[in-house]
Every structure is written in C-alpha cells, then in structure tokens.
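Colleague: I'm new to reading protein models. Could you take me through one, step by step?

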Amino acid sequence: GNPGAEPAKQQLISVLNDDPLGRVRINAAGALWALGEPTAQLVVKLEPGLSDHSQYTRVRTATLMHRMGKPLEDLIHIYDEALDQPSDSLRDRVMRDVMDFDEKPPTLEPLMLKAIGDPEETNRTLAITALQIMQADSPAVVAALRHATKDRSEYVRAAAMSALSQLPDTAVADRREEDLLRAIKDKKANVRA
C-alpha cells in the first residue's frame, strides 16, 4: 500500500490478467487492492479463481473476495468443500482464514460444527474458539461443545470448557455444573484450571 509501489501497478495488472497460476493472481489482486485499485474491477478478475482446479486457490480467492466485501453466504460452500479434503494444510488454511475474518456471523456456525470433528486438534480448537467468539448457543453447538469436553486433546477439552462456561444459562440449563465438575477431575492441569 506504500505510494512508492505505484510504479508497480502496471506490472501487477499484467500479472493479474495473464499469469497462469491462481495463487499469483490472488497476490497481484491483493497488492492492487492495497494500492487503491477499484474493488469491483478486481472482483471481476478474481471470480474465475472460485472455480480454479486448485482447492487452495479457491479458498484463498474466496477469502480475498470476502475481505473486499463479497458476502460470506456466497462463498461459504468453498470453505465447506475444503474442510472435506484430506489435506491438513488446506483445512488449516480454512480455519486460519476464518479466524482472521473481522466478523464471525452466524453463517459460520455449520462450518465450525463440522470443523469440531476435524482430525487436527488445532482446527478443532480454532472451531471452538470461533463458536465462542460468535456466542453461538444453539442446541447443536452446546451438544458439540459437551462432546468436545471429552476430546483426546487437552487443548480441545480446555477450549470446550471455556466456551461452555461462557454460554448463557438458558443454553446449558443445569448440566453445566456436571461438565465443570468433570473438568475439575481432568488429568491435565490446564483443563482443571
């Protein structure tokens, strides 16, 4: 975004229009956006990235387009498909992008419920953290958090207990005490804490 980068605009536009790699085009679009190029023009150039052969490119395109103002509802299917993939790094990218969103609307709840079942503990923990930030308290969320309090990962268990403890009383009724008492007996100190 530094004004000193202005002379690079023409090269960046050329890269955005012509480079065969989606990841390169995404970076060029992001640089042009930081340099003040009109968002509408950049979004048009980015659109093909949503159907790129690379799932990673599709995710990164969706993330940049969302940051540029495209509604998350129009892009959520990209993230949902990526969470079904066997690539740990791809699923990790989805979760890190979601955590970087300025807002976490209720639209993300089904996606985060899916991520609570991710094989990677970091992704499960991030999903719980996102639900906590969203203050999601639907019966499905409460059930998923309760299940996560029994996760094999102490970090997931601790995150689940933290999220449960901050839900409104109406969401957890009288079972929260049972969950907390179980956590006090956990073998890991950070869960007990």
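Colleague: What should I know about the model before we start?

Modeller: This is a predicted model, so to speak: local features need pLDDT of at least 70, side-chain atom pairs count only at pLDDT 80 or more, and totals for chains, interfaces and linings use all residues. Residues are numbered from 1 along each chain as its sequence is written, and side-chain values use heavy atoms, with hydrogens and water left out.

Colleague: How many helices and strands does the secondary structure of the protein chain come to?

Modeller: Helices (H or I, at least four residues) and strands (E, at least two) are DSSP runs, numbered from the N terminus. Here the chain has 13 helices and zero strands. Its C-alpha atoms fill a box of roughly 65 × 30 × 30 Å along the principal axes.

Colleague: What share of the 193 residues is buried?

Modeller: Buried means under 20% relative accessible area, exposed over 50%, and partly exposed in between, with a 1.4 Å probe and protein chains only. In this chain, buried residues make up 45% of the 193.

Colleague: And how do I find empty space inside?

Modeller: Rolling a probe the size of a water molecule over the atoms shows where empty space is left. A cavity is a set of points, on a 1 Å grid over the protein atoms alone, where a 1.4 Å probe fits but cannot get out; lining residues have an atom within 4 Å of a point.

Colleague: Which residues line the largest cavity?

Modeller: They are Gly-22, Arg-25, Ile-26, Lys-45, Leu-46, Gly-49, Thr-57 and Thr-61. Helices H2 (22-34), H3 (39-46) and H4 (55-67) each give two or more residues to that lining, and H2 gives the most, with three.

Colleague: Is Thr-57 buried or exposed?

Modeller: Thr-57, in helix H4, counts as buried because its relative accessibility is 3%. Contact means heavy atoms within 4.5 Å. Leaving out residues up to four places away in sequence, Thr-57 touches Gly-22, Arg-23, Ile-26, Gly-49 and Asp-52.

Colleague: What span should the 14 residues of H8 have?

Modeller: The expected span of a helix is 1.5 Å times one less than its number of residues. For H8 that should be 20 Å, and its end C-alpha atoms are 20 Å apart, which agrees. The buried residues of H8 pack against helix H6 (88-100), H7, helix H9 (139-148) and helix H10 (154-165). After H8 comes Gln-135, with a positive phi near 55 degrees.

Colleague: Where is Pro-119?

Modeller: Pro-119 sits in the loop between helix H7 (109-115) and helix H8 (121-134). Its relative accessibility is 54%, so Pro-119 counts as exposed. Pro-119 touches Arg-91, Arg-124 and Arg-152, not counting residues up to four places away in sequence.

Terms used: 1 Å grid on protein atoms, 1.4 Å probe; cavity = no way out; pocket = protein on both sides within 12 Å on 5 of 7 lines; lining within 4 Å.
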